[in-house]
Amino acid sequence: MEAVPIQSENFKLGFIGAGKMAESIARGVVQSGVMPPQRISTAIHSNPSRGTPFQSLGISVYSHNTDEWAGHGRFIRVMPNTPSAVGMGASVMSLGGAATEQDGELVGKLFGAVGKTWKADEKLFDAVTGLSGSGPAYIYLAIEALADGGVTAGLPRELALGLASQTVLGAAAMAVQSGKHPGQLKDDVTSPGGTTIAGIHELEKNGFRGTLMNAVVAAAKRSQELSRK
């Protein structure tokens, strides 16, 4: 995916908060060339060390969020995720009542530079948070577990981690690019009485699918609770 630079010199990007998510997006935006760091800023309140990764990119760091206020009331809510740092993010956006379609196109271009974007009603954002917002952590846990399984079976740690990471990456690419349902892709590598079905049987016995489903629902529920505070 080729990033398209945002040409308007009047457009600036300000991050309210300088956490890991903001860092991931900022890094992706700068490294993709969609916007120069001179037009990006953030503010640090309590932890000065959080300014270091932004400053290393050439991004301005202020003391107060009011130094980056845009001066208008048009808002677009976006739920991105941390793989935005490597241009592989999954972002969902919802236009506020005062936002224009042009605003949406501009924000879509911004987040399109660091991954794929979707539009959805804001009422779905807790579920989005539970799936794609928190989802990378579930996958990291799965990669670590796969690698540990490889080590248990006799593989060197470095080889096991490399194989686990690349296997997840390749499987995700197949799911996105092949046009096949994940169930069909699973069946394609599951021969009768073979090694794969033996492994899947163990996963099913231990509630693998239900556990992942429950994780998404639990995270979505927690998102709802936090939004009420």
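Author: Angles under 35 degrees count as roughly parallel, over 145 as roughly antiparallel, 65 to 115 as roughly perpendicular and the rest as oblique. This is a predicted model, in which local features need pLDDT of at least 70, side-chain atom pairs count only at pLDDT 80 or more, and totals for chains, interfaces and linings use all residues. Residues are numbered from 1 along each chain as its sequence is written, and side-chain values use heavy atoms, without hydrogens and water.

Reader: At what angle do α5 and α6 pack?

Author: Axes are lines fitted to C-alpha atoms, for helices over the stretch in contact, and angles run from 0 to 180 degrees between N-to-C directions. Helices (H or I, at least four residues) and strands (E, at least two) are DSSP runs, numbered from the N terminus. Here α5 (residues 135-152) and α6 (residues 157-177) pack at about 135°, with axes 8 Å apart; the two are therefore oblique to each other.

Reader: Which residues of α5 and α6 meet?

Author: Contact means heavy atoms within 4.5 Å. On the α5 side are Ile-139, Ile-143, Leu-146, Ala-147, Asp-148, Gly-150 and Val-151, which meet Arg-157, Ala-160, Leu-161, Ala-164, Ser-165 and Val-168 of α6.

Reader: Is His-45 buried or exposed?

Author: Buried means under 20% relative accessible area, exposed over 50%, partly exposed in between (1.4 Å probe, protein chains only). His-45 is exposed, its relative accessible area being 56%. His-45 sits in the loop between β2 (40-43) and α2 (51-55). Leaving aside residues up to four places away in sequence, His-45 touches Ser-63, His-64 and Asn-65.
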